[in-house]
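Biologist: I would like to go through the terms used for this model and see what each one rests on.

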Amino acid sequence: MLTGCRNLSWTFFSLTSRRLWTRQSFKSPAALCSSAFSSVLHSLPSSTHSHHFLPSRQSSARLPLSVNFSSAHSSGLMELKEVLQVLEQLAPLSLAESWDNVGLLVEPSKPRPVKTILLTNDLTDVVMEEAVAVSCDLIISYHPPLFRPIKRLVQKDWKQRLAVRAVEAGIVIFSPHTSWDCVKGGVNDWLVGGLGSGQVSVLSQVLGAASHSHKLEFTVRSAEELNMIMEELKACDSGTTLQHSGSRPDSSGIHVSVTCCDSALTPSVQALLGHGTPSQSLSIVKLEKPPLLGHGQGRRSVLDQPVSVGAAVQKLKSHLGLSHLRLALGWGQTLESSVCTVAVCAGSGASVLNGVKADLYVTGEMSHHEVLDAVAKGTSVILSDHSNSERGYLAVFRERLAVRLPDSVTVVLSKADRDPLEVV
């Protein structure tokens, strides 16, 4: 029933969005999109059973749902900055890992409307040829073709050569990478959904941004002293991020709690140490960043309907569109052994899966010894090769993106993109 409700909600939203865009009524598309999205979002149940992927309430609370479209839409055109706003809504770049290189990677100097978007898992020479052939304006490459810092742009390096080719052709390159992995309803939710519905949890939780990192608690003797100290603290913090609260006076004075950012901590403490009563009662507490529920790397699912190892293999072949997978049976396991819990991480997932208790691990690649470690603990392992664990999500994302864009923008999947490895 929960899955059915979400199917209905998603269908309603898709149809509503398409109808609104088809009408070409661009007087206030941001308001229309926000209203339709919000109504569907709040109608969804909070259970994690379903794998029909809409952003969570947690993510919607911290990010705007509307896009400020420009007057260019009166002619049905869409600017790059507007497409980037839509992409940010679908998968905020702030969710990406700190080591990653996500977002706008190549931006030609001469702007032009975005009419054709090409989705690919990897940007290779053949994919670039395809992009040029279809007069592509924007390439969304899941893996960032530019990852490490570069000191020159030369033809002998294939990634640099692609960047130069994109600039010459006026093509923008954007990469979401781990922001798609971490977002609720992203790559990892899609991957674990291939084995059926279940109680899904995040393996490595993403933490939200916190404007305040420390709490200072102290006591003052009077309201006059409090006012004087607060003026000093505001000067330390430029008056931008300081927040405070105080309790009613008692025999020991007024108890005050102040939160401040990292940069304001040292000058704030120095100011308080200059006053007798606050310096004697001062305590400092480091504040933890709040978790963003449903967002993060990897997923673990307690399946509603357990399957055998053999059945899990067949389900994943169908889900990933592959004829072959690699399987390592856990110690004491057979193809008939039951799989009740599964842990997944798209790409190279050993660091995320390590130590997770599950009957089955699913990822793109693991080293020989990492597989041996899992097998020794009785956990079976299915490997699809790196990009095969991710590529199928492109079709899911294409539908989500297309319903948020006007009819003048075409979103196509690359036909040339494929995993470099094949079974021979």
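Biologist: Which strands does helix α15 lie across, and at what angle does α15 run to β15?

Modeller: Helix α15 (residues 393-402) lies across β2, β3 and β15, and runs at about 180° to β15. Angles run from 0 to 180 degrees between N-to-C directions, with axes fitted to C-alpha atoms, for helices over the stretch in contact. Helices (H or I, at least four residues) and strands (E, at least two) are DSSP runs, numbered from the N terminus. This is a predicted model, in which local features need pLDDT of at least 70 and side-chain atom pairs count only at pLDDT 80 or more, while totals for chains, interfaces and linings use all residues. Residues are numbered from 1 along each chain as its sequence is written, and side-chain values use heavy atoms, leaving out hydrogens and water.

Biologist: Why is N121 called buried?

Modeller: Buried means under 20% relative accessible area, exposed over 50%, partly exposed in between (1.4 Å probe, protein chains only). N121 has 1% relative accessibility, so N121 counts as buried.

Biologist: Which residues does N121 touch?

Modeller: Contact means heavy atoms within 4.5 Å. Leaving aside residues up to four places away in sequence, N121 touches S141, Y142, H143, S387, E390, R391, L394 and D417. N121 is placed in the loop between β2 and α5 (125-133).
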